[in-house]
Amino acid sequence: MNPSPFTPHSSPHSYSSPLTALLPLTPHGDKDMSVKINGFDENNQRVSTQQLLQQIYCALDAGKTEFEVLSSGHHNIGGPLWTEDGTPLKFRVKNPGQRVGSFGLEGTEIIVEGSAPADAGWLNAGAELTILGDGGDTTAHCAAAGKIYVAGRVGTRSGSLMKHDPAYDAPEFWVLKRTGSFCFEFMGGGIAVICGIDCADETSILGDRACAGMVGGTIYVRGPVDGLSEDVWLLDLDDFDRDFLGKGIPSFLDKIERKELLTQLTDFSGWQKIVAKSYAERRVHSRISMREFRTQKWVEGGIFGDIIKDDYLDVRGLVNTADGRLKIPHWQDKRFGAPCQVACPSNIPTQDRINLLRQGKHEAALQLVLKYSPFPASVCGEVCPNPCMDACSRQYVDKSVSMASLGRLSRDIPAPAIAPETGKKIAVIGGGPGGLSAAWQARLAGHTVTVYEADIEVGGKLRQVIPTDRLPENSLQTEIKRIKDLGIQINANTPVDKNLFEQIRSEQDAVIIASGAHNAVVIPFPGHELMVKGLDFLKKVNAGKRPKIGKRVVVIGAGNAGMDVCLGAYAMGAEKVICIDVQRPAAFQKEIDHVKALGGEVRWPVFTEKITPEGLVTKDGELIDADDVIISIGERPDLSYVPREWLTDRGMMDVDACGQVIKAPGIFAIGDTTNPGLLTHAIGQGQEAIGYINDLFNGKEVLPQIKPEMINQSCLSKELFKPRNRGKLCVTDGKDETLRCISCGTCRDCGMCLEACPEGAIQRIDKEDGSFEYLSDDHDCIGCSICAGICPCGVWAMEQIV
């Protein structure tokens with residue numbers, strides 16, 4: 001049976017074909033390895049695609065490896081073929097039909113003299129395909145490996161569904177001019193380079209609606225780009241990008257015989273790159289989820305559904321003890337985590353801190369937080385969005401416990417004692433909140449620590465961009481001094497490049513990459529070059545450089561950073577600031593109120609159409625007058641000092657669940673180098689990274705830290721707490737919160753269960769280490785559940801007996 005056009009074929013092959021007699025092969029040249037394949041018979045009539053492919057198969061059986069193919073729209077030339085001994089195959093094709101090079105395998109080179117129709121390089125699996133003309137629609141569609149070079153333009157949906165198996169080199173797709181519309185739909189990996197030659201007058205070299213559904217890969221573009229999907233970012237190049245293009249462009253131009261364009265294409269000022277947004281960046285919350293509604297709002301099963309769950313299948317006497325009980329109480333101190341602790345990215349157990357305050361152990365309580373974060377006052381007390389407060393159970397009584405006032409209590413507390421010296425050396429690259437958190441934890445563990453900071457002083461964005469209106473300078477300086485006083489070596493004014501990084505790796509026992517994200521994201525609106533980057537603006541403001549700003553300012557992005565930009569604009573002399581966003585502002589309400597108090601406006605949803613010298617034009621056609629437009633929607637990291645293979649397709653550090661670089665054991669990455677997040681995320685990751693490094697030093701297996709399961713609100717007896725008047729409640733001293741904290745999941749030793757048990761079955765036991773526990777005597781307990789019902793903290797739980 002003869003193979004179909006899609007049947008992979010190798011030589012030697014056991015079938016026979018009458019076509020060897022019908023269409024004799026014609027060796028030519030000095031070498032016997034080449035052969036001409038003719039798409040026409042002796043009567044100059046076109047043969048079928050099947051017959052032409054049979055000629056190729058027969059020639060391959062005869063040991064031929066170089067094919068000169070005169071085609072007439074024949075499909076599937078060039079793949080999937082191979083030789084048993086690995087000898088490369090080379091095809092030179094004229095007038096091919098669809099799918100030239102489809103399923104092409106490694107070791108196959110295909111050169112098309114002129115243009116190629118649709119599906120060229122479809123599902124390329126390793127071949128090198130060069131088209132010395134234009135490519136049709138869906139060129140490089142589903143390409144998974146190999147390289148495709150096009151000397152002209154390509155059609156609609158080219159590059160769609162490109163993918164990358166990490167076990168192999170990423171596929172590459174090079175186009176000299178431009179693509180058609182809908183290109184790179186659902187791209188999952190690989191690299192594309194669109195050079196934009198002869199396209200200066202085009203609206204967009206990627207056509208319309210490019211990159212819809214893109215989730216991975218990198219696209220380098222030179223020239224105008226418009227109509228991009230909201231699934232991607234358009235970014236400036238970094239050193240890695242320039243290095244890749246600098247090496248790849250000469251090879252590409254050599255393949256397509258256009259070397260005269262080298263100088264023009266290696267001017268990188270006109271290049272940009274497109275990368276996919278992360279899942280978190282694409283996901284937008286506009287309303288409470290069904291799960292949140294069900295677990296936080298709805299009472300399952302009716303009016304008593306949150307108190308008792310019973311199947312009523314096992315019927316016993318009305319009052320029983322021991323094995324006759326329907327339910328057995330268990331004192332589960334710390335079995336579940338408090339909502340504040342589980343929600344806190346820095347893992348701070350606030351319920352333990354308040355319990356210590358309640359016991360009068362003030363110094364121990366205020367020092368406890370320093371075991372988790374070196375910035376309780378600056379971050380927890382001033383700039384953190386306090387997700388702990390968003391989760392706090394007290395909000396269902398009156399208002400959440402004031403974590404900010406608690407944090408400020410620890411500003412002047414001395415550092416905990418340092419463990420004995422270990423002799424291990426750890427380097428931290430980046431002196432921002434995450435890097436300093438890692439350095440702090442490492443020094444407390446007894447390691448020698450060196451911090452490398454590119455700026456003149458450590459502190460990162462805490463010092464560089466957050467206005468003193470939000471973060472008092474004396475608070476930050478006090479906490480930075482406490483860090484320095486531990487004996488940490490800080491090398492400020494020391495940017496880390498490739499050479500220094502290699503030196504650091506060779507000299508240290510472990511390295512933590514915490515250099516943050518300082519490359520501002522810019523959306524490619526028409527006129528985007530007129531915008532000011534918010535991060536750069538804030539850095540100049542905080543450095544005292546007083547950047548020049550107009551009287552009328554529009555700020556794009558209504559997060560906390562956007563509010564900081566608004567404050568900075570007013571501080572620099574702006575008279576009217578309007579902040580816009582496409583969704584509900586993510587900034588704290590107090591920050592929004594601060595901006596409004598200065599005369600600012602916050603508008604949403606507002607969608608930007610373009611930027612002009614007169615201001616910002618919305619998609620509704622409204623012109624918002626502005627002397628300056630500042631964009632503040634996020635940043636990306638510059639990681640050009642690490643090997644490129646350590647990075648993901650999005651240019652972030654490629655780490656495992658423990659934050660350890662997948663291709664470099666012993667090196668960890670935290671904060672915005674792995675994923676955009678809050679300052680407190682970076683602080684928590686710095687703390688966790690040192691825990692993992694300690695395990696490495698001690699020869700233990702490194703396993704991800706698992707947060708405790710959050711206690712269910714139904715377990716708490718919140719009705720026992722007297723609500724305070726929300727309008728009058730104002731916390732100025734964090735120590736006063738001892739009366740309001742519910743101590744979720746952690747026993748507050750109130751003794752209410754001891755007093756309320758009708759059978760006197762509960763005892764309080766003091767332990768030798770100073771701790772305590774409560775026990776229920778099975779012989780006296782009747783399983784009435786009063787202990788569970790009266791416990792304000794949800795520590796007592798009833799086990800259903802089957």
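Predicted model: local features only at pLDDT ≥ 70, side-chain atom pairs only at ≥ 80, totals over all residues.
| Helix pair | Crossing angle | Axis separation |
|---|---|---|
| H13 (residues 433–444) and H20 (residues 679–697) | about 30° | 7 Å apart |
| H18 (residues 560–571) and H19 (residues 589–597) | roughly 25° | within 10 Å |

**Helices H13 and H20**

The axes of H13 and H20 meet at an angle of about 30°. Angles under 35 degrees count as roughly parallel, and H13 and H20 are therefore roughly parallel to each other. The crossing of H13 past H20 is right-handed. On the H13 side, the residues that meet H20 are Pro433, Gly434, Ser437, Ala438, Gln441 and Ala442. Their partners in H20 are Leu679, Ala682, Ile683, Gly686, Gln687 and Ile690. Sorted by class, the residues of this contact between H13 and H20 comprise seven nonpolar and five polar, with no charged residues.

**Helices H18 and H19**

In the second pair, the axes of H18 and H19 come within 10 Å and cross at roughly 25°. That angle makes H18 roughly parallel to H19. H18 passes H19 in a crossing that is left-handed. H18 contributes Asn560, Met563, Cys566, Leu567 and Tyr570 to the contact, while H19 contributes Glu591, Ile592, His594 and Val595. The contact of H18 with H19 contains six nonpolar residues, two polar residues and one charged residue.

**Summary**

H13 and H20 are roughly parallel, with a right-handed crossing. H18 is likewise roughly parallel to H19, with a left-handed crossing.

Methods:
Residues numbered from 1 in each chain as written. Heavy atoms only, no water. Axes fitted to C-alpha atoms, helices over the stretch in contact; angles between N-to-C directions. Helix = DSSP H or I, 4+ residues; strand = E, 2+ residues; numbered from the N terminus. Parallel < 35°, antiparallel > 145°, perpendicular 65-115°, else oblique. Left-handed = near helix turned anticlockwise from the far one by under 90°. Contact = heavy atoms within 4.5 Å. Nonpolar A, V, L, I, M, F, W, Y, C, P; charged D, E, K, R; others polar.
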